[in-house]
Amino acid sequence: ANKVRLQAITDVESYVPPAISFDPGEEPGEIFGQNVFSLNVMQKRLPKSVYKSVLGTIAKSTPLDPDVADAVASAMKDWALEKGATHYAHVFYPLTGLTAEKHDSFLDPVGDGTALASFSGKTLVQGEPDASSFPNGGLRNTFEARGYTGWDVMSPAYVLENPNGNTLCIPTVFISMTGEALDHKTPVLRSQQAMAAHAERVLKLFGHDDVERIVSYCGPEQEYFLVDSHFFLARPDLLNAGRTLFGAKPPKGQEFDDHYFGAIPERVLGFMMDTERELFKLGIPAKTRHNEVAPGQFEIAPMFERANEASDHQQLLMTTFRAVAKKHGMECLFHEKPFAGVNGSGKHVNFSVGNSELGSLLVPGDTPHDNAQFLVFCAAVIRAVHKYGGLLRVSVASASNDHRLGANEAPPAIISIFLGDQLADVFDQIAKGGATHSKERGTLMIGVDTLPNLTQDPGDRNRTSPFAFTGNRFEFRAPGSLQTVAAPMVVINTIMAEALDHCATTLEAAIAEGTDFNEAVQALLTTIISDHGAVIFNGNGYSDEWPIEAEQRGLKNLRTTVDALPELVSDEAIELFATYGVFNEREMQSRYEVGIEQYCLTVGVEANLTLEMGTTIVLPSALRYQTELAQNVAALTAAGVEADVATLRAVSAPIADLRAGLADLASAIHAMHDLSGLDEATYARDNVLPAMLAVREAADTLEGLVADDLWSLPTYQEMLYIL
Ligand code: ADP
Ligand code: MG
C-alpha cells in the first residue's frame, strides 16, 4: 500500500482506546438522568406552588408565567452551578438541520471588579442570538437580524459535561422578531397542539371527556457508520461532505467477509458502552442494537417520547455520538450514503398518538367499542397519508437522502401504507359491509364484532414499505439518518390534525342528525377506505412493477428533492398548514427556499470537492503510474525486448476519461452558479450530479489499475473493515 495509507493502518492497529470510566458497582439507574433538570429535581427544589404552575404549563403547553420563570431560573442556576456549570446556552434547531447554541457566562461583572452569578427568569425564557448566519429563506431582513429563543418547558434543561467547563443547556424555540418560525422545534409544538385538539374531539365522541392532553409520540431508530479517524482524515470527501465521492467497491461488495458480522470489534463495544452511559446521564433512554446490515454500520434506538422531547434528544444523541466517537479515535458518520454500493443509513420514525392515561390510540382493543375508536384513528392515518403523501415525501427530502431512497435498500420515494394482511382484511370488510348496512357472513360491523387478533409484531414485517403499521404504532421508514425527526413529525401531526378534524366533524354532524353512533362510524370508515384505500400496499415496494402500479393508483413518485420541494408551496399545503396554525404562507415559502438553498449548497460543495480531488489527488497518481509504464515500455524497447503496451493503453483510456470528465464538471459548476432558485437546483440534479458521477467512474476504474503504492486515498475495504 501507499505510504500514507500504510501509516494509517499501522496507526489504527497500534491504537489504544481510552479506558471507560465505569465504576464497577455503578447501576444504570444511578446515573440515569443525573444531568437533567427533571420534574423530579424541580419538585425537590421549587416551592410547591411554583412547581404546580410548571406542571400546569407543561400540561397545557402555555408560556411560563414571569414570576414562576424567575423562581425556576434561580433553582435551575443553583442546580447547574452544583453540577459544575460555568455557562449556560440556549440550544436551538435552525433549518440547517444542525443544533446551534448561544453560550453566555453565568457570571456578570459587578462594578467593584468582582462577579456575581446571575440568571433571571427573563434570561431563561428568552434569548436574543444574532442569528443572521442561519438560513431563514427571506423571513428576516438584515436590519432585523436578531432571532429570539425561548425555553420549551416541556423539554427539560440539562448539563453538558466538557473538560473545559460544563454548560447548562436550555432547549429553545427560535423565532424571528415577527414571531415567525426559523427552526424545527416551533412547528413541532404548534402541530402537536393542532393534532391534540382534534384527537380530543374524536375521543370525546367515544366517551372520553376531559382527558389528559393527547400528544404524539416518536421513537427514532438511528443507523450510523463508524470509521477510524486516520482514514477519515485522509479522505477530504468524508471530511468535508460526509460521504465518499470516490472509491471502488470492495471485491465482493457488502457480503464479503461474512464472518465479520456478529463480531463487533472491541473498540466499537467500548464506544457503545461509553455512548450509552453519556446518553443515560442526559436522560435519554437508549439501547444499542447490534444488527448492522453493512460492515462498519450500527444502530441505536432510544425509547419513544413526546415528539418535541424525542427530537431534541435525537439531536443530542447525534452530538454525543460524534463527540464520543472522536474520543475513541473514530468518526461517526450520519450521512445517508457514505459509501456507494454499500447499504445506506436511515432513521425510522416510529409514531403513535396517545397519553399516559389512554396509552397509544393505535392499539387495537379487545372489545368492539375500543376497536371502533382504534379503527377511526387508523383510518385517519390512511386518509392523512393518502391525501398528503407529497408532504411526507418532502419532509424527508435532502440531497443526501436522495442517494438512499428508492435505491433498493430503503423504501421507494412513493409513499404508501403497509397494514399487514389482517388489518388490511378488516378494512376490506368495512369497505364491503358499510355499503350495504347489512351484516353479511364474516363482515365486520362496528359495534357488533371484535377485531381478529392482530399480531403485535408480525414476523412477515414488510421492510419495503415507507409507512408500516407495526402493531401499536406506525413506522415511517423514509427519513434519512442525518436529518432531524422534527420535520417528519410536523407533517405527521399536521396531516393527522386535518384527518381527525374531518372524522370529528363528520361524526358530530351525523350525531346531530340523529344517526346511530355505530352506524355513523361505520359509514365514516367506509367512505375513508373507499376514498383513500389506494394508498394501502402490502406488496414488495422494491419491485419494478410497483412504480407502474402506483402511478395507476394516482400515487405520487417524487424521485428527488427537486421534485419534492415544490410540494411545500402548493396551494393545498399552504392552506393545510395555515388552517391548523402550524405555518403561515411566508413560513412555508421560507422553508421551500431554505430547502433549495441547502440542496444547491450540498451539491455545490460536493462538486467542487470532486473537481479538486480528481485534479489534485486522483489524476496525479494516475499520471505517475502512466509515466512509470511508459518508461518501462521505452526501456524494454531500447533493450530490444518486446514491450507490453496493453497495460499502458488500459490506464491511458480512463485517464483520458478522467480529464474529459473534470473539464465537463468544471463547466457544469460554472453554469450552475449562473442560475438561482429551483432552476439552479434542477441544473444541479440534471447536470452537475451526472458530471460528478462521470469523474467518479473514471477514477474508480483507475483505482483498480494504478499501482497500489501510488494510490493515496484509503480504500473502501480499509475504511469499512479496519476498526
Ligand atoms: P422493533 O425492534 O420491532 O422495530 P422496538 O420495540 O425496539 O421495535 O421499537 C423501535 C422503536 O419504536 C423504539 O424507539 C421504541 O421506543 C418505539 N416505539 C415502541 N412503541 C411505540 C409507540 N407506541 N409509539 C411510538 N414509538 C414506539
Ligand atoms: Mg423498527
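Which glycine just after H5 takes a positive phi? Just after helix H5, glycine 84 does so, with a phi of about 85 degrees. This is a predicted model, in which local features need pLDDT of at least 70 and side-chain atom pairs count only at pLDDT 80 or more, while totals for chains, interfaces and linings use all residues. Residues are numbered from 1 along each chain as its sequence is written, and chains are lettered from A and ligands numbered from 1 in the order in which they are written. Helices (H or I, at least four residues) and strands (E, at least two) are DSSP runs, numbered from the N terminus.

**Domains**

- The protein is divided into domain 1 (32-183), domain 2 (192-583) and domain 3 (598-721); these bounds come from an automatic or database domain assignment.

**Surroundings of ligand 1**

- Ligand 1 is surrounded by 14 residues, of which Gly219, Phe304, Asn350, Ser352 and Arg473 are the closest. A residue is near a molecule or strand if its C-beta atom, placed from the backbone, lies within 6 Å of it.
- At least two residues of this shell come from each of strand S8 (215-228), strand S10 (297-302) and strand S13 (347-355).
- By class, the shell around ligand 1 holds six nonpolar, five polar and three charged residues.

**Strands S1 and S7 and their partners**

- Strand S7 (residues 166-176) is mostly covered, with ten of its eleven residues buried. A residue is buried if 20 or more other C-beta atoms lie within 10 Å of its own, exposed if 12 or fewer, and partly exposed in between, with C-beta atoms placed from the backbone.
- Strand S1 (residues 85-92) runs parallel to S7, and six bridges join the two; strands pair if DSSP finds at least two bridges between them.
- In this pairing, alanine 85 stands opposite asparagine 166 of S7, and tyrosine 88 has leucine 168 as its bridge partner.
- S1 is largely enclosed by the rest of the structure, because six of its eight residues are buried.
- S1 also pairs with strand S2 (residues 100-105), in the antiparallel sense and over six bridges; valine 91 stands opposite glutamate 101 of S2.
- Strand S5 (residues 147-151) is antiparallel to S7, to which five bridges join it, and tyrosine 148 stands opposite isoleucine 175.
- Strand S6 (residues 158-160) pairs with S7 in the antiparallel sense over three bridges, with leucine 160 opposite threonine 167.
- The hairpin of S6 and S7 has five residues between the strands, and glycine 165 in this hairpin takes a positive phi near 125 degrees.

- The expected span is 1.5 Å times one less than the number of residues.
- The buried residues of H5 are Val68, Ala69, Ala71, Val72, Ala73, Met76, Lys77 and Ala80.
- An α-helix has 3.6 residues a turn, so residues three or four places apart point the same way.
- Helix H15 (residues 486-512) has 27 residues and reaches 38 Å from its first C-alpha to its last, close to the expected 39 Å.
- H15 is mostly covered, with 20 of its 27 residues buried, and just after H15 glycine 514 takes a positive phi of about 90 degrees.

**Single residues**

- Glutamine 34 lies in the loop between helix H2 (28-31) and helix H3 (39-45), and counts as partly exposed because 15 C-beta neighbours lie inside 10 Å.
- Glutamine 34 and glycine 283 are 249 residues apart in sequence and 7.3 Å apart in space, C-alpha to C-alpha.
- Aspartate 210 is in the loop between helix H7 (185-205) and S8, and counts as exposed because it has 7 C-beta neighbours inside 10 Å.
- The phi of aspartate 210 is near 50 degrees, a positive value in a residue other than glycine.
- Arginine 649 is found in helix H21 (residues 646-673) and is exposed, with 10 other C-beta atoms within 10 Å.

Terms used
Nonpolar A, V, L, I, M, F, W, Y, C, P; charged D, E, K, R; others polar.
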